[in-house]
Amino acid sequence: MERGGGARPPSGGNPATFLVVGATGATGRLLVAELLATGATVRTLVRRAEGLPEALRRSSRVELTEGSILDLGEADLARLLQGCGAAASCLGHTLSLRGVFGPPRRLVTESVRRICGAIRASRPSSPVRFVLMNTAGNANRDLKEPRTPGERLALALIRRFVPPHADNEEASEVLRTGVGQGDPAIEWAVVRPDTLVDTSGAARWAAHASPVRSPLFDAGRTSRLNVARFMAGLMTDDATWSRWKGRMPVVYDEGWGARSAPGSGEVRERGAR
Ligand SMILES: NC(=O)c1ccc[n+]([C@@H]2O[C@H](COP(=O)([O-])OP(=O)(O)OC[C@H]3O[C@@H](n4cnc5c(N)ncnc54)[C@H](OP(=O)(O)O)[C@@H]3O)[C@@H](O)[C@H]2O)c1
């Protein structure tokens, strides 16, 4: 069994420290657990401490700060990032009328901007990795990802009428064009899962450079656990990072990767546990 993308314990030196925002979410909490399993310390910024599972709250290696990322000043956020080798965002709009259509409409975009600003303000001696959880419905505009006229029309409507989609698109653009490639302070990867599901136990996954099936009309499946494992791998494993930094990998559970669309997706990463 090949295990290419999961978290790796540090090969030497001090245990790593990471920042996770959105840690109370269904994927964020799994990512925190994956990082803890490597021996790392995980800083979390959460609106309510009780939102984090008790097992994580009780860990001596979870540092918990209560507050909303959109209310925190840059200096406070920079302090949270001090000494972190990588940061991740699993933020997403709450799936309710208020969460989807109410403020903050640019929760993810504004958070990504703030994290990037705070990384710069923390003056890291080497680039900090920033991994953003996004969606397969968002295209990587660096690549010519094929879309049918029907997909283009449907996406234009979704972009116009479903604010979280536009938020996900704009958030990834902050990294793709705002930070770009070769920045001395920030390196980034945008992880694009397809339809999220909750599974327990082992499952294999594959990461592709681009979607290999229509996220709108032939959606695939990605377990949150696999998203967390892949994100943790990006944050902790140098080989995985050098393969995907500055890119927007699309992650599918095994068997959901390539049923219909020819696409441009090359499998570059496989993982399992
Ligand atoms: N659903 C899908 O099939 C699908 C597919 C692909 C990609 N995605 C993307 O995946 C991402 C995360 O998914 P998920 O299911 O793991 O998310 P989730 O369980 O809904 O978690 C969302 C996280 O965002 C936080 N949050 C929400 N509103 C906030 C606000 N106003 N201020 C500060 N924090 C806030 C939540 O904090 P609280 O606990 O305090 O509320 C929680 O930690 C989203 O960006 C989504 O677009 C979803």
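**Helix packing, ligand shell and local backbone**

Trainee: Helix 3 (residues 74-81) packs against helix 5 at an angle of about 70°, and the two axes are 8 Å apart. The model is predicted. Is helix 3 roughly parallel or roughly perpendicular to helix 5?

Mentor: The angle to classify is about 70°. Angles from 65 to 115 degrees count as roughly perpendicular. Therefore helix 3 is, relative to helix 5, roughly perpendicular.

Trainee: Which residues of helix 5 does helix 3 meet, and how many residues of that contact are nonpolar?

Mentor: Helix 3 contributes Glu74, Leu77, Ala78 and Leu81. They meet Arg114, Ile115, Gly117, Ala118, Ile119 and Ala121 of helix 5. By class, the contact has two charged residues and one polar residue, and the number of nonpolar ones is seven.

Trainee: How is helix 5 (107-121) oriented relative to helix 7 (163-179), roughly parallel or roughly antiparallel?

Mentor: Helix 5 and helix 7 have axes 7 Å apart and pack at an angle of about 25°. Angles under 35 degrees count as roughly parallel, and those over 145 as roughly antiparallel. So the orientation of helix 5 to helix 7 is roughly parallel.

Trainee: Is the crossing of helix 5 with helix 7 left-handed or right-handed, and which residues of helix 7 make the contact?

Mentor: Helix 5 passes helix 7 in a right-handed crossing. From helix 5, the contact takes Leu107, Val108, Thr109, Val112, Arg113 and Cys116. The residues divide into eight nonpolar, two polar and three charged. On the side of helix 7 they are Asp167, Asn168, Glu170, Ala171, Val174, Leu175 and Val179.

Trainee: How many residues surround the ligand, and which elements give two or more of them?

Mentor: The ligand is surrounded by 28 residues, and the closest are Thr24, Gly25, Ala26, Thr27 and Gly92. By class, the shell holds twelve nonpolar, 13 polar and three charged residues. The elements that give two or more residues to this shell are helix 5, helix 7 and strand 7 (195-197).

Trainee: Asp194 lies in the loop between strand 6 (186-193) and strand 7. Is Asp194 buried or exposed?

Mentor: Asp194 has 24 other C-beta atoms within 10 Å. A residue with 20 or more counts as buried, and one with 12 or fewer as exposed. Because of that count, Asp194 is buried.

Trainee: Which residues is Asp194 in contact with, leaving aside neighbours within four places in sequence, and what separates the C-alpha atoms of Asp194 and Asp253?

Mentor: With those neighbours left aside, the contacts of Asp194 are Ala136, Pro215, Ala219, Gly220, Arg221, Thr222, Tyr252 and Trp256. Asp253 is 59 residues from Asp194 along the chain, and the separation of their C-alpha atoms is 9.1 Å.

Trainee: Arg123 is in the loop between helix 5 and strand 5 (128-133). What is the phi of Arg123, and is Arg123 buried or exposed?

Mentor: Most residues other than glycine have a negative phi. Arg123 has 9 other C-beta atoms within 10 Å, so Arg123 is exposed. The phi of Arg123 is positive, near 45°.

Trainee: Which residue does Pro103 join through a cis peptide bond?

Mentor: Most peptide bonds are trans. Here omega is about 0°.

Note on methods: Residues are numbered from 1 along each chain as its sequence is written. This is a predicted model: local features need pLDDT of at least 70, side-chain atom pairs count only at pLDDT 80 or more; totals for chains, interfaces and linings use all residues. A residue is near a molecule or strand if its C-beta atom, placed from the backbone, lies within 6 Å of it. Helices (H or I, at least four residues) and strands (E, at least two) are DSSP runs, numbered from the N terminus. Ala, Val, Leu, Ile, Met, Phe, Trp, Tyr, Cys and Pro count as nonpolar, Asp, Glu, Lys and Arg as charged, and the others, Gly among them, as polar. Two residues are in contact if their C-beta atoms, placed from the backbone, lie within 7 Å. Axes are lines fitted to C-alpha atoms, for helices over the stretch in contact, and angles run from 0 to 180 degrees between N-to-C directions. A crossing is left-handed if the near helix is turned anticlockwise from the far one by less than a right angle, and right-handed if clockwise.
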